Amino acid sequence: MALIFWCVFFFVWGYFHVSQRILPGVTAAGVQVGGMTISEAEAAIHEQWNMGHQVLIGSEDQWWRTPSLSLGIYVDSVKIARDAFEMGRGSGALAEWITILLGGQPSGGPEILFNEEMARNTLTQISQLVYAAPQPNEIVYENGQWVAKGGLNGKALDVERAVLILRSDPGRVLSQGQLELTYVPIAVETVNSEILQVLNQIGNRPLTASLYDPFSGDIRDYEIGMDRIGPYLGWDAQTQSMTLNTTGLIAEVTTMLETSQGVKVRMDDDLSAVEEAWKSGRSLEFSVVDLPRPYQVESGDTLLKISQKFRLPYWYILQANPGIQPNSLIVGAEITIPSRNEMLPLPYVRNKRIVISIPEQRMRVYENGEQVHEFIVSTGIATSPTFPGVYQVRTHELSAYASNWDLTMPHFLGIYEAWPGFMNGIHGLPTLSNGRILWGNVLGGPASYGCIILSLENAELLYQWAEDGVVVEIIG
């Protein structure tokens with residue numbers, strides 16, 4: 001019986017001794033690797049030690065689980081597997097094997113190694129997750145002045161300290177299964193008191209809104225206090241500059257003007273100029289807007305009467321109502337009266353105004369609210385009238401020619417289209433092609449075909465004074 005045992009023993013010993021497998025019963029780093037090839041043993045040890053161990057890493061309320069290998073903590077599974085393969089081979093192999101079979105193997109865990117580059121890469125990725133930028137002081141407008149409020153320090157992961165802990169004793173971190181991180185505070189940059197002083201100098205002034213009514217000529221200034229401006233002001237900590245929400249502020253001011261005046265209002269300045277105007281103290285320019293409106297035709301109405309009532313050339317009303325029959329208006333029908341702003345296409349020249357009275361046959365010229373001239377004029381005859389309304393100087397022609405009447409019109413200021421393509425205007429006494437000057441002896445009474453006629457001298461003076469955009473009001 002003993003002979004059979006030893007025969008079998010020596011047969012198995014011989015087989016494993018010459019084969020590429022680890023002897024049966026061998027344990028390496030706590031892993032049973034007997035009967036495995038070296039590569040199989042290396043994989044089993046790597047899985048058990050390098051991938052199977054998890055470390056809890058974090059601080060306070062932020063924790064993550066990660067394989068120990070990601071922190072650079074590992075065992076040399078290749079070396080351990082090769083050492084296991086050598087057990088029972090070489091000198092004294094038979095004695096080693098017998099020792100293995102009897103359950104006696106070298107005790108103790110494997111050597112715990114540390115790869116700093118792997119640890120640093122993982123910790124750098126975590127640092128990006130936990131980084132908290134400092135929150136700068138918020139500068140706000142409160143109780144009539146600018147003040148700094150709030151502000152929080154930031155924090156960043158102390159990567160170097162974590163690497164030092166891992167390098168000094170990776171085995172301890174592995175056995176504890178935890179690595180507590182520490183953070184480095186990032187101090188918030190406080191607002192300089194000089195900044196607040198500057199803000200309270202340049203950022204604590206009202207805004208003036210100048211509202212112009214082109215239809216009446218009235219100009220009224222409104223002071224917009226800091227109680228309205230403050231909510232739209234801010235402070236950009238990065239650029240160290242004050243910011244103004246111009247869109248929001250202008251919407252606020254527009255609503256205020258419309259509510260107080262009961263009219264539609266628009267801002268005539270560019271939005272980009274709002275902040276500069278506020279800082280420099282320049283008034284922001286707004287103007288009254290006339291909206292289209294419905295009108296119900298009354299008995300006795302004609303298109304000409306309606307145009308005179310609403311002070312618009314009648315063809316504008318005709319154009320706004322496609323399909324209307326101008327000679328047979330239906331009583332009770334609703335038509336659209338277009339906006340009078342269509343007669344005012346140019347930017348306003350606010351400090352000048354020309355007012356023409358058809359009943360008085362007089363022109364009065366105003367600058368900065370004061371009358372500077374009064375001229376005798378002749379307006380259109382009954383069959384070719386001058387249309388009352390509010391218009392603008394739109395063109396300057398030193399010498400215009402009207403082929404319909406063979407008239408040369410000196411110092412012509414075009415102000416409105418009496419018909420599409422046909423501009424009525426203000427000019428000096430006209431001249432026929434034969435050199436004859438017309439209407440010089442009838443100034444002061446209707447004489448023209450719709451234009452407003454001045455003496456030659458006065459026409460030249462007005463031509464030089466009135467730039468394009470000056471509002472011309474004609475009173476019927």
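Good morning. I begin with a pair of helices: the axes of helix H2 (residues 38–51) and helix H3 (residues 77–86) come within 8 Å and cross at roughly 135°. Please bear in mind throughout that this is a predicted model.

How are H2 and H3 oriented to each other? Angles over 145 degrees count as roughly antiparallel, and 65 to 115 as roughly perpendicular, with the rest beyond the roughly parallel range taken as oblique. H2 and H3 are therefore oblique to each other. Their crossing is right-handed.

Which residues make this contact? From H2 come Ile38, Ala41, Glu42, Ile45, His46 and Asn50, and they meet Ser77, Val78, Ile80, Ala81, Arg82 and Phe85 of H3. Sorted by class, the contact of H2 with H3 holds 7 nonpolar, 3 polar and 2 charged residues.

I turn now to a second pair of helices. The axes of helix H5 and helix H6 (residues 159–168) come within 10 Å, with a crossing angle of roughly 145°. The crossing of H5 and H6 is right-handed. On the H5 side, Glu116, Ala119, Arg120, Leu123 and Ser127 take part, and they meet Val159, Glu160, Ala162, Val163, Leu166 and Arg167 in H6. By class, this contact of H5 with H6 divides into 6 nonpolar, 1 polar and 4 charged residues.

Helix H5 also leads us to a sheet. Spanning residues 116–130, H5 lies across strands S3 and S4, and runs at about 155° to S4. In what order do the 3 strands of this open sheet stand? The order is S4-S3-S10, and the pairing is mixed. The edge strands are S4 (62–67) and S10 (178–180), each of which pairs on one side only. On average, neighbouring strands of this sheet are turned by 20° against each other, direction ignored.

Within this sheet, strand S3 (residues 54–59) pairs with S4 in the antiparallel sense over 6 bridges. To place one of these in the structure, look at Gly58, whose bridge partner in S4 is Trp63.

Strand S20 (residues 349–357) and strand S21 (residues 362–367) pair in the antiparallel sense over 6 bridges. The bridge partner of Arg353 in S21 is Tyr366.

Finally, I come to the protein as a whole. Its secondary structure comes to 14 helices and 29 strands. The radius of gyration is 48 Å, well over the 23 Å that the globule rule gives for 476 residues, so the protein is more spread out than a compact globule. Along its principal axes, the C-alpha trace spans about 155 × 55 × 45 Å.

Thank you for your attention.

Key. Residues are numbered from 1 along each chain as its sequence is written. This is a predicted model: local features need pLDDT of at least 70, side-chain atom pairs count only at pLDDT 80 or more; totals for chains, interfaces and linings use all residues. Side-chain values use heavy atoms; hydrogens and water are left out. Two strands pair if DSSP finds at least two bridges between them. Helices (H or I, at least four residues) and strands (E, at least two) are DSSP runs, numbered from the N terminus. Axes are lines fitted to C-alpha atoms, for helices over the stretch in contact, and angles run from 0 to 180 degrees between N-to-C directions. Contact means heavy atoms within 4.5 Å. Angles under 35 degrees count as roughly parallel, over 145 as roughly antiparallel, 65 to 115 as roughly perpendicular and the rest as oblique. A crossing is left-handed if the near helix is turned anticlockwise from the far one by less than a right angle, and right-handed if clockwise. Ala, Val, Leu, Ile, Met, Phe, Trp, Tyr, Cys and Pro count as nonpolar, Asp, Glu, Lys and Arg as charged, and the others, Gly among them, as polar. The radius of gyration is taken over C-alpha atoms; the globule rule is 2.2 Å times the number of residues to the power 0.38.
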